[in-house]
Amino acid sequence: PLPPEVIDCVDHRVEWEPPTEGEYRIEVPTMVIPPGEEILFCYYGTYDGPDAGVVGFRPESPGGFLHHTLIKRVDDDEYPNGHLMDCTAPELQWPPKPVLFEAVAPSLDNWINLPEGIAFKLSEGQRWVTDVHYINVSPDPICMNTAFYLDLIPDSEVSSYAAAFNLDRGGFVLPPGEETTESFDCTWEQDLNIL
């Protein structure tokens, strides 16, 4: 991370604990959020370990400014590993990337709570991008950093893999002062078990 004297900001960054045995850590470098702004930051990388099951997902962030965190699957190499960018603009979020892991607050120890033997898959060579959403309600620019800890088990210990599935209507307009209902249909293309 950049030293605080290089950036004119209130420095909220912390030093993250090293990963323990069986953990995979993603550390998002320094992000600067102007006062009164909200920004989505995207940070790209590639998992370089063997195929594994993810049974724990713990995002870590300095308190008070984080709205949500996601790790999404990337199927191309448009951005190199280590690339950090402001991806707030809607056109940078479309088409949506499949979600690997997600959390909507930083307070839980583990956002994955699956029966024994079931895990999310992390494949060798899987490209990923983090989606980190900060809201700065303070009067000063702030410097933040974020880390993700994934608890891994060997592929051989996984009896069945699970995956996230988002149901999203997409863009919609709510007229002022009116009650509005939006609905959509979704046809499953195969039989699935819902957890």
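Visitor: Which residue does Cys9 pair with in a disulfide?
Guide: Cys143, with an S to S distance of 1.9 Å; a disulfide here is a pair of cysteine sulfur atoms within 2.5 Å. This is a predicted model, where local features need pLDDT of at least 70, side-chain atom pairs count only at pLDDT 80 or more, and totals for chains, interfaces and linings use all residues. Residues are numbered from 1 along each chain as its sequence is written, and side-chain values use heavy atoms, leaving out hydrogens and water.

Visitor: What parts does the pair of Cys9 and Cys143 tie together?
Guide: Cys9 lies in the segment before strand 1 (10–11) and Cys143 in strand 10, so the pair ties together parts 134 residues apart in sequence. Strands (E, at least two residues) are DSSP runs, numbered from the N terminus, as are helices (H or I, at least four).

Visitor: How many disulfides in the whole structure?
Guide: The search finds 2. Another joins Cys42 to Cys87, S to S 2.0 Å.

Visitor: Is Cys87 buried or exposed?
Guide: Buried, with a relative accessible area of 1%. Buried means under 20% relative accessible area, exposed over 50%, and partly exposed in between (1.4 Å probe, protein chains only).

Visitor: Switching topic: how many residues are in the largest nonpolar core?
Guide: It has 30 residues, and Ile71, Phe101 and Leu150 have the most contacts inside it. A nonpolar core is a set of buried Ala, Val, Leu, Ile, Met, Phe, Trp, Tyr and Cys residues joined through side-chain atoms within 4.5 Å.

Visitor: And where does Thr130 lie?
Guide: Thr130 lies in strand 9 (residues 127–135), and at 0% relative accessibility Thr130 counts as buried.
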